[in-house]
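Please read this note with the model open beside you. Take the points in order and find each residue as you go.

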Amino acid sequence: MTKATTERLFNMMLLPTCPDKPPNILEPVKLNLTNISLDELQTKYPSHPGDRYRPEGCRSGQRLAVVIPYRDRKQHLGILLNNLIPFLKKQQADFTIFVAEQAPGGTFNRGLMINAGVEAALEADNFTCLVIHDVDLIPETSDNYYRCRKKPLHLSTANAKFDYKLPYQGYVGGNIAITPSQYKRINGFSNLYFGWGGEDDDFGQRMATFGLRVERNTHVTGRYYAQSHGKDKGNPINPKRNILLGKAVGRLKTDGLLSTHVNTTVSHRSVVTLLTVSIDTQFYARTARR
Ligand code: BGN
């Protein structure tokens, strides 16, 4: 261990634990919807070692990996990060943001991107909490704490896109906080949902199968602004989603975090860890024919 590392470890041990309620947490969130590039964000928030942000003066109780499944939404990503970073700093979170970007070509697969992101995060460090985060959702309430609890916590319970209500009972789409051990227990997301719809309902069934009753933010705490977008060309409605959902529980052990067929390249890009994820399309084409 180098002298610098020893010194850092020593300083960390001396830091008090961060308070449950950080100072000034009830100040309202001021959304900033101005376009901003990753380069500009870099100037605003210079690189941190390992892309990890830590609170000043105290030690967070949890180590957070925020995983954003992503493709082709540069503008949304810039705006999200420009809001999310100050939001999490105010919460005194210790966090690293992983953007799991699906390589160009083919249909988007949100579940597989999340699995690839979680896989890379858990290889990189010993995170204690995972926050699955959509690129278009911006939190509107300061005390919507991005922390894991005993049960998975559905964060985005009041999405502007759904009139600030849950679209249906049992909906677990959007943002959710879950511990790595819970995520592993349910074998993460299914890898087989190419295109829009169903992968979140499948994830909900996985949690239910293991008795993980999801806790939910209140409709006040769980408010999110939704960045609007047209139909994504690379993400058409998945016509097979109902068939897949019908067999979700039976597939759980063989289809998930433990069986992602992807090739992931890691690069430390300004304010985030960027993962470029190439899907083994031949493998998934074979699986689909079965
Ligand atoms: C549901 C989708 C979810 C989506 C929500 C909100 C399906 C499965 C077939 C019934 N589920 O209908 O994936 O998050 O709408 O848009 O399509």
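Predicted model: local features only at pLDDT ≥ 70, side-chain atom pairs only at ≥ 80, totals over all residues.

1. Strands S11 and S12 form it, and two residues lie between them. Look at serine 270 in the turn. Its phi is positive, at about 35 degrees.

2. S11 covers residues 262-269, and S12 covers residues 272-279. The strands run antiparallel, and eight bridges join them. As background, strands of a sheet pair through backbone hydrogen bonds, either parallel or antiparallel.

3. Next, find the open sheet of three strands. Its order is S5-S10-S7, and its pairing is mixed. Which strands stand at the edges? They are S5 (137-139) and S7 (158-159). Each has a single partner strand, so one side of each is left without a neighbour in the sheet.

4. Stay with S7 for a moment. Two bridges join S7 to S10, residues 223-226, and these two strands run parallel. Alanine 158 shows the pairing at residue level: its bridge partner in S10 is arginine 223.

5. Where does the ligand sit? It sits in the largest pocket. Two elements give two or more residues to the shell around the ligand: helix H6 (199-209) and helix H7 (241-246). H7 gives the most, with three residues.

6. Check who surrounds the ligand. The residues are Phe162, Tyr168, Tyr171, Trp196, Gly197, Gly198, Asp200, Asp201, Arg241, Asn242 and Leu245. Sort this shell by class and you get five nonpolar, three polar and three charged residues.

7. Then look at the contacts with oxygen atoms of the ligand. Aspartate 200 places a polar side-chain atom 2.5 Å from a ligand oxygen. Arginine 241 also uses a polar side-chain atom, at 2.6 Å from a ligand oxygen. Glycine 198 uses its backbone instead: an N or O atom there lies 2.7 Å from an oxygen of the ligand.

8. Last, ask how much of the ligand is covered. Taken alone, the ligand exposes 410 Å². The protein buries 74% of that area.

Terms used. Residues numbered from 1 in each chain as written. Heavy atoms only, no water. Pairing = 2+ DSSP bridges. Helix = DSSP H or I, 4+ residues; strand = E, 2+ residues; numbered from the N terminus. Near = heavy atom within 4 Å. Polar contact = N/O pair within 3.5 Å; in protein donor to acceptor, adjacent residues only side chain to side chain. Areas by Shrake-Rupley, 256 points an atom, 1.4 Å probe, with all protein chains shown as cover. 1 Å grid on protein atoms, 1.4 Å probe; cavity = no way out; pocket = protein on both sides within 12 Å on 5 of 7 lines; lining within 4 Å. Sits in = over half its atoms within 2 Å of the grid points. Nonpolar A, V, L, I, M, F, W, Y, C, P; charged D, E, K, R; others polar.
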